[in-house]
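Hi there,

Here is the structure I promised to pass on to you. Have a look at it first, and then read my notes below.

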Amino acid sequence: MSALLALALFAQTVASTPRGVIVAHDGVIELQGKWKSAGVSAPGAIAVSDKKAAVLDEIHDHVAIVDLETGLATLKRTRATPVAVAFAGNDLLVVDRDAHVIEKIGSGSSIELANDPEFLSVTNNHAYVYSRIDGALQEIGIEPFALLRTIRIAPFASAMQCDAHNAYLVYPRDARVRIVNLVTMQPAGELRAGSVPVDIAIAGDPTALTATRLAVADPSAKHVWLGEGAQSTGDAVARGFLRGVLGLGLFGPNETEFPTRVDRVVALGTRYLAFDSATGTLYSVTKKGTTVIAHGLGPHAFALTPEGVAYWQNGTLVAEKPPQ
């Protein structure tokens, strides 16, 4: 009963969309000042495209799909325990953990996955799903909808992010980020990542000066570690030479310390937020240090926006610009 009450208390989801910030809460989805539609009773993970948003309810096995312009919403049944959702063009993909499948909503099609699928990423018109117990990363073609390749890495990763070339998987026990090349579907090395890393975000795309920028949350050390992702030796040498010519460091300090055990990191472009799930504390990060944005937030109740940050607290959507 306590667990159910806690889920109800923190059952809010906030997301930034091309038409503004939407909030799923109390059985509704709304774009404040524009429309309000029926949603799901226990909103969780959310996906956004240019025209639609989709909110999962993993307790009741539903997904609510809403048109961002009109607010017209459709409720669809999923298989057992939907935990991850993403758009691939016009197609909506949902990973159902207990059913061990990824399904294309509305088509009736599904593909069997390895045991305990949890993380989903869409890039280069392919979907990638990592399953924790089997330690399997599976590549899914969108059209036609089919399983293409599978690689066994290591079990029990706690998070995954993909860029255009690589998948990055976090392993708390080993204090490692393992890398898989998505072109070859082969291991591509690993990175040291603090003491007990648990979450990762891509906090910057590759540039002439840096490879993909990674932010890794380490609650044991109360740090977010910053570093570069995979790159060829030639690219690394060229970027190092260019930084030397310009007299630049890598990109500032490679770690940021927090007063509490931050265990999540969310990024938009080169900006990122850190979150402490135990206390619901949300932090912004600036060149001057860390700043508390809010306390007591739910795990999905905040989002980075092009203008700053938005979060749902005490029945109100708050939007503000982070400190510089």
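Let me start with a term: a salt bridge here is a side-chain nitrogen of Lys or Arg within 4 Å of a carboxyl oxygen of Asp or Glu. Please keep in mind that this is a predicted model, where local features need pLDDT of at least 70, side-chain atom pairs count only at pLDDT 80 or more, and totals for chains, interfaces and linings use all residues. Residues are numbered from 1 along each chain as its sequence is written, and side-chain values use heavy atoms, with hydrogens and water left out.

**Salt bridges**

By this rule, the count is 13 salt bridges. One of them joins Glu 118 to Arg 97, with the closest N and O atoms 3.2 Å apart. Glu 118 lies in strand S13 (residues 117-123) and Arg 97 in the loop between strand S10 (91-96) and strand S11 (101-104), so the pair ties together parts that are 21 residues apart in sequence. (Strands are DSSP runs of E, at least two residues, numbered from the N terminus.) Glu 118 is buried, at 15% relative accessible area; buried means under 20%, exposed over 50%, and partly exposed in between, using a 1.4 Å probe and protein chains only. Both residues also belong to a network of salt bridges that links Glu 58, Arg 97, Asp 98, Asp 116, Glu 118 and Arg 132.

Another salt bridge connects Glu 139 and Arg 149, at 2.8 Å from N to O. Because Glu 139 sits in strand S15 (residues 136-141) and Arg 149 in strand S16 (residues 146-152), this pair ties together parts 10 residues apart in sequence. Glu 139 is buried, with a relative accessible area of 4%, whereas Arg 149 is partly exposed at 30%.

**A four-stranded sheet**

Now for the sheet. Strands of a sheet pair through backbone hydrogen bonds, either parallel or antiparallel. Here four strands form an open sheet in the order S17-S18-S19-S20, with antiparallel pairing; two strands pair if DSSP finds at least two bridges between them. Strand S17 (159-162) and strand S20 (186-192) are the edge strands, each pairing on one side only. Between strand S18 (residues 166-171) and strand S19 (residues 176-181) there are six bridges, and Ala 167 stands opposite Val 180 in S19.

Which residue forms a salt bridge with Glu 190? The partner is Arg 176, with the closest N and O atoms 2.8 Å apart. This pair links strand S20, which holds Glu 190, to strand S19, which holds Arg 176, 14 residues apart. Glu 190 is partly exposed at 42% relative accessibility, and Arg 176 is partly exposed at 21%.

Enjoy exploring!
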